[in-house]
Each structure stands twice: as C-alpha cells, then as structure tokens.
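Let's take a friendly walk through this structure, moving from its overall layout to its sheet and cores.

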Amino acid sequence: MKIGISSTNSNATAVVDPRFGRCEAFAIIDTETNAIRFLDNAAKTASGGAGIAAAQQLLDEGVEAVCTGNLGPNAYRVLSEAGIKAYRVSEMPLMDAAKLLKDGKLDEISQAGQAHAGMNRGSNR
Amino acid sequence: MNVCILSGKGGTGKTTVSVNLAALLKTDYIDCDVEEPNGFLFLKPEKVEKEDVPVDFPVFDKGKCILCGNCANACEFHALANTKKSILLFPELCHGCHACGLVCAPKAISYRQRVVGVIERGEAKGIRCARGVLNVGEHMAVPVIRRLLDTLTPAKHRILDCSPGTSCNVTTTLKHADAAVVITEPTVFGLHDMGLAVELLQKRKIPFGVVINKSGETDRLIEEFCEANSIPLFGRIPFSRNAAQAYSRGELIGELPEMKDAFDRIALNMKEAFAWN
C-alpha cells in the first residue's frame, strides 16, 4: 500500500511532523517494499488553504492512506471525500509509523481537529 | 480631494483623527477599515441605508465536469480541491476571481453570488458618512472596500479612514487617494510601523504628512525621522486622559476646548500642503 506521512524533513532519519498542512515534507512509503521517497510540501508557506493544498498534493500522488498528527477541518474534508483514511501517529520515526499502520495498530482520525493548529510554529522543530 | 488616513501601527488614532477632521472640515467620511469599522460610533449618522456586497463563487455542472482538476490547479487561494470524485469548494477562501472558469475546457463552471459584507450610508449633522462592514467569519475585506469606494456619492472632499498596516486592505483604499496623513504615536513601535506606511506612500507617489497622537516627552523619536526624510509634521494631539474618556463615551475629542487648537492646526497644515480649497 502507498502511504503519505507528514515529515519533519526530507531525510530517512526524519520523524512524523504533527502538523499536516504546514509540515516540511511528505514521505511516500510503499508498505510492501519499504521503499521511501520525499515530496516537498508545496503548501507549507501558503497564505491560506495549506491543508487543502497539502491534501490535494497527496491525492495527486495517489496515496491510499495518510499518517499525521492532526488534520484541520478542510484537509479532513478533502481526504474523506476522496475516500482516503487518515491515521493519528505521534512524533516517531517514519518507518515505525509505516509498520504500525501495516500492522493495523493505528487509530483512524474520525473527526477534524482545530483549524490552524500547525501555524506559528518554528520550521526547525 | 480624497485624503487617506493611515498609520502602519494599529491603535494610533486613525479613526479619532478621521472623524474629527471630517467634522471640522465638513467633508464626507468614509470608513474603509471594514474589518473593524468604528467611525460611526463617533459621528452617529442617521437614516442609515444598507446594501449587500456580493462575491462570485463557482458552481459545477456535474454532467459536464470531467474531473481534470485544472480549476483546482489554477486556484491561487486553494479554494478548490479535486477528490477525483467531485470538485470541492471552500467558499470562504474563494476570491471570486474566475480563474477556474477560464481554465475549464468543458465549460462546466458557472457562477453564483454570496454576500460577504454590507455597505452602509447615512448622514450626521451635514456630514455624509459611508462604511463597509465585513461579515463575521469572512476572510476577504477587499471586495467590500472595493464596492464601498466604487459607489461613492460625488463629493468635493472626503476623508478615507484606512485599515492599519500596509496590506491589500490599505493598498486598495490608496488607489483612491489624492493625499494622505500618517497618524503615529511617539513610541518605537509607532515609528517602526509608520516607516512601512511611509515607504508605501512614497512608492505610490502620494503626497503626505504626519500627525503625532498621544504626543509627549518622546516626540523626538518621530520628529527626527520626519526631519531626516523631509516629511512635513502637520501637528500633534497631546496625550490627555480627559480626551481618552471623551473618546470612550463616543464623543468627538476635537470639540474639547484643550484639543481645538491641535485639530485646527492639523487641518490648516493639511490644507496648505495639499492645496485643498
């Protein structure tokens, strides 16, 4: 399964970024082969609608599931309308999150969190 | 002549100066600070008429839409998403620019309108007053400001009370400016943000002067800046607890005996500098 994880940077040593729309990058992982690559989050500095644009980027990439810390109402609406499930993970190594998802040990995000939760936080967390 | 009142920093006294100058000079008063318009609290216009401000938003013909996503790509404001099942619209982010319609090959997009604010017009003791009011929860002030300024009643002179800062809300208002007055306070913050407003006015080649509000011992901060940049100082409004109390009761502080000279001087210097007659 092809999944997208919000990531603190574009290195394999990165951890899950709890922000979705304003995360640094997305890790795209194939849970069968454990192949990993990174997409820069084009929306991270958007003046508005970052969650929507980030969700669109992942939909265009063809991911089948998303792992992140929090999803705002707009991003949640885009992913749920597209039928893509999102799962809540804490700030852990990316491959650990991917394994938990594959093993069915993650909780689905079943409602949107607070809007703008990921704003005004330093980019080098 | 349209004189814009701006500040850079918020809370320096744009509205205080605007309403008192309008009352003193018997000009039209236009409150362009549509996110928090408060000039009417002081002028108290009567027989206020209201007019809705509409903004376009796209509507999708599902029979024609091929879910290509060109519309979502074209949207600078991320107001559209293509879920491959449908196109989602986030109306509060849509600026009504029609870019989506331009790139829609199967012509599946038409437009409807929604109301984002209101224009109000009234009269107070011979002064015509107008303001825009952005609806609570809306993000975009510019369509309301634009409508307010595009539908002005013909007048010889107007005071245009701007938003704080130097954002689109201010630059939209400045399109209608013949001259400007920057209201500042003698603090480091006041000076810094006044510098941004000054830079904007210089770029737009709009003649302007400065007024120091809450004037006192630290005025040198502002005076030095004005001297170094050859900017005329139109006057100062002294710091006064009495004036603050009158303001908080919604009164025109220019009518207070101790403030009359200050406003007369500002009005005189402004009229001379802008060749206002």
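How far apart do the C-alpha centres of domain 1 of chain B and domain 2 of chain B lie? In this predicted model, the two centres are 38 Å apart. Domain 1 covers residues 2–53 + 117–273 of chain B, and domain 2 covers 55–115. Where they meet, domain 1 of chain B contributes 6 residues and domain 2 of chain B contributes 5 residues. On the domain 1 side, these residues are 3 nonpolar, 1 polar and 2 charged.

Next comes the sheet. In chain B, 9 strands make an open, mixed sheet, ordered E3-E6-E7-E2-E8-E1-E9-E10-E11. Strands E3 (46–60) and E11 (233–238) of chain B are at the edges with a single partner strand each, so one side of each has no neighbour in the sheet. From one strand to the next, the twist averages 20 degrees. Within chain B, E6 (residues 109–124) and E7 (residues 127–134) pair antiparallel over 8 bridges, and B:Gly122 sits opposite B:Cys129 in E7(B).

| Helix (chain B) | Residues | Lies across, among others | Angle |
|---|---|---|---|
| H1 | 14–25 | E1, E8 and E9 | about 165 degrees to E8(B) |
| H7 | 188–203 | E1, E9 and E10 | about 170 degrees to E9(B) |

Finally, the cores. The largest nonpolar core has 58 residues, and B:Ile5, B:Val181 and B:Val211 are among those with the most contacts inside it. Leaving aside residues up to four places away in sequence, B:Val181 touches residues including B:Val3, B:Val17, B:Phe208 and B:Met270. A second, separate core of 48 residues includes A:Ala27, A:Leu94, A:Ile109 and B:Leu80.

Methods: Residues are numbered from 1 along each chain as its sequence is written. Chains are lettered from A and ligands numbered from 1 in the order in which they are written. This is a predicted model: local features need pLDDT of at least 70, side-chain atom pairs count only at pLDDT 80 or more; totals for chains, interfaces and linings use all residues. A nonpolar core is a set of buried Ala, Val, Leu, Ile, Met, Phe, Trp, Tyr and Cys residues joined through C-beta atoms within 7 Å. A residue is buried if 20 or more other C-beta atoms lie within 10 Å of its own, exposed if 12 or fewer, and partly exposed in between; C-beta atoms are placed from the backbone. Two residues are in contact if their C-beta atoms, placed from the backbone, lie within 7 Å. Domain bounds come from an automatic or database domain assignment. Ala, Val, Leu, Ile, Met, Phe, Trp, Tyr, Cys and Pro count as nonpolar, Asp, Glu, Lys and Arg as charged, and the others, Gly among them, as polar. Two strands pair if DSSP finds at least two bridges between them. Helices (H or I, at least four residues) and strands (E, at least two) are DSSP runs, numbered from the N terminus. Axes are lines fitted to C-alpha atoms, for helices over the stretch in contact, and angles run from 0 to 180 degrees between N-to-C directions.
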